[in-house]
Each structure stands twice: as C-alpha cells, then as structure tokens.
Amino acid sequence: MRICGLGDNVVDRYPRRGLMYPGGNALNVAVHAARCGAEAAYLGVTGNDAAGRHVRAALAAEGVSTERARIGAGPNAYATVHLDDDGNRTFGDCDETISLFTPDDADLRWLRGFDLVHTGDCSGMEEQLPRLAAACPVSFDFSDRPWSYAEPLLPYIRSAVLSRPDADEDEAAGLLARAHRLGAKLAVVTRGARGALLSYEGTTHHQPVVPVQATDTLGAGDSFIAALHLALHRGRPLADAAGYAATYAAAVCTLPGAFGHPLALDGAHPRDPSRCP
C-alpha cells in the first residue's frame with residue numbers, strides 16, 4: 001500500500017521533560033503506516049530551524065519519503081503537551097502557522113500514485129478536498145469537530161474518523177450511518193476508553209480498547225488509523241483489522257511521544273530508548 005500523510009506536522013513540546021518529539025496527525029499516520037509495512041510519504045511544510053531539521057531527520061530514519069515536502073522560512077510548528085499521571089495528554093500553547101499550505105497541481109499529479117492520502121482537521125485542507133478526492137482516495141480525521149463541520153466535507157472522504165468520547169452505541173451507530181450516506185466507505189467513531197465503533201462494506205464492529213499501562217497516549221488514534229488502513233488493504237476482515245490496529249495503538253501508548261525521536265528543548269539530541277513495534 002502507498003499512503004501519504006498530507007498537511008500538519010509539529011514538534012510536541014513537553015516542558016516537564018525538557019524534550020520535544022516530532023508529531024502531528026498527518027505526519028504520525030505516515031510514520032506508523034511505514035512501521036506497519038506501507039510505502040509511506042509525507043507532504044507538508046517544516047521549519048528551517050533545529051526543530052524542523054529534527055522532524056526531517058526523524059522521517060528519514062523512519063523510511064518516510066519527503067520528496068515533495070517543503071522547508072518554510074521560519075520556526076517549525078509546535079504544540080505544548082501536558083501529561084497527567086495516567087499518560088493522558090492535554091494541549092497548551094501551540095502555533096501551526098508555518099505548516100499550512102496549498103498543494104499545487106504538481107502535488108496533485110504526484111498524489112495520483114498513492115492508494116490513500118490522509119489529512120485532518122488540523123491541516124487546513126478543507127477547501128482542497130474536491131481537488132484531493134479527484135486525485136486520490138482521502139482519509140480524514142475529523143477529531144471531535146461537530147457534525148456541522150463534517151457534513152459538507154464527507155462527500156469527498158473515503159475513510160472518515162470521528163472522535164466522540166461520550167457517545168453511546170446508538171449515537172455512534174447513527175454517526176456511522178450518516179457518514180456512509182454521504183459517501184464514506186469506511187467510518188470510525190473512536191470513544192476513548194469505550195473503544196471504537198467501525199463500519200466497512202456492510203459490516204459493523206465494536207473494538208474494545210486493549211488494556212495497557214500507558215506512558216503517553218499521544219499518537220494513539222493516529223497509529224490506530226494507520227494500522228487499520230494497512231490491515232484492511234491487505235484483505236483482513238474488519239474485526240481482525242480493528243483488533244490488530246487496537247493492539248498496535250496500545251503498544252504505542254507505552255512509549256513517549258507520538259513515535260519517539262526525542263530532542264532536548266535546547267536542541268541537543270538525548271539517547272532515544274523509545275521505538276514502537
């Protein structure tokens with residue numbers, strides 16, 4: 001499978017640790033797809049500072065192609081991450097400005113060579129979705145955005161992922177049905193500790209969370225998305241694919257950052273003990 005992460009990247013800054021890690025939904029999906037065996041690429045804009053160089057070095061180390069990625073004139077996008085004692089994260093100060101861009105015609109021609117392009121609500125690609133969908137099937141992470149945000153975009157989306165931590169089974173099933181009616185072939189509602197409800201090719205499956213002692217939940221959803229798409233592309237049944245994705249995502253939660261590769265906030269490289277499976 002060839003998959004491209006399109007749009008956002010950041011360095012996730014952890015002030016209490018004195019470290020930052022590469023991250024961002026589109027970039028994380030590309031990296032975890034590569035770790036699961038896909039031919040993966042990332043298309044976006046990194047900064048021309050030490051953080052941007054670190055992001056590009058991490059992508060190179062992970063085998064993710066950056067042949068059409070840009071380097072912007074300014075510091076890399078960032079997000080500040082705070083963790084509680086259970087590894088759950090909240091976000092503080094952030095700035096994604098430099099990572100926002102518009103794909104050009106050459107990018108769209110290039111994307112025709114992929115099986116899937118993944119983007120989401122942090123990437124600023126909403127107005128580009130008709131052009132993207134004409135070039136390549138689109139996966140989109142709507143996060144916890146309201147239905148009024150998702151509804152006009154769904155006709156261009158092949159795979160839709162929505163986050164509703166408080167949704168019961170009926171509400172989640174209703175969202176899946178509405179997403180399908182608007183054109184999505186794969187629809188997923190993630191519900192935190194309640195697990196995920198998925199629907200694909202006429203089959204619906206509830207996937208429980210795989211218990212794990214979490215170190216950092218950052219990147220759990222992104223790794224689940226990547227692993228799920230790879231498993232389905234390989235022909236695994238929905239329940240089997242979802243179980244594989246949940247197990248993979250649980251393992252990611254035992255490690256710091258979205259996929260490792262720490263950098264000290266002063267720009268020095270510490271030893272990296274974290275590698276995802």
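**Stop one: a charged pair**

Start by selecting Arg145 and Asp121: they form a salt bridge, with the closest N and O atoms 3.0 Å apart. Arg145 sits in the loop between β10 (138–143) and α5 (147–150), while Asp121 is in the loop between β9 (116–120) and α4 (129–135), so the pair ties together parts 24 residues apart in sequence. Keep in mind that you're looking at a predicted model. Is Asp121 buried or exposed? At 14% relative accessibility, Asp121 counts as buried, whereas Arg145, at 30%, counts as partly exposed.

Pick Arg2 and Glu39 next, whose side chains meet at 3.2 Å, N to O. Arg2 belongs to strand β1 (residues 2–6) and Glu39 to strand β4, so this pair ties together parts that are 37 residues apart in sequence. Both are partly exposed: Arg2 has a relative accessible area of 25%, and Glu39 has 47%.

Now select Arg68, Arg70, Asp104 and Asp107 together, and you'll have a network of linked salt bridges.

**Stop three: the cores**

Time to go inside. The largest nonpolar core has 45 residues, and Val64, Val188, Leu198, Phe224 and Leu228 touch the most other members. Elements giving two or more residues to this core include α1 (25–35), α2 (50–61) and α7 (220–233). Apart from this core lies another, of 38 residues, among them Phe142, Leu154, Ile157 and Ala179.

Finish by zooming in on Val64: leaving aside neighbours within four places in sequence, its contacts include Ala30, Val31, Tyr42 and Leu59.

Definitions and conventions
Residues are numbered from 1 along each chain as its sequence is written. This is a predicted model: local features need pLDDT of at least 70, side-chain atom pairs count only at pLDDT 80 or more; totals for chains, interfaces and linings use all residues. Side-chain values use heavy atoms; hydrogens and water are left out. A nonpolar core is a set of buried Ala, Val, Leu, Ile, Met, Phe, Trp, Tyr and Cys residues joined through side-chain atoms within 4.5 Å. Buried means under 20% relative accessible area, exposed over 50%, partly exposed in between (1.4 Å probe, protein chains only). Helices (H or I, at least four residues) and strands (E, at least two) are DSSP runs, numbered from the N terminus. Contact means heavy atoms within 4.5 Å. A salt bridge is a side-chain nitrogen of Lys or Arg within 4 Å of a carboxyl oxygen of Asp or Glu.
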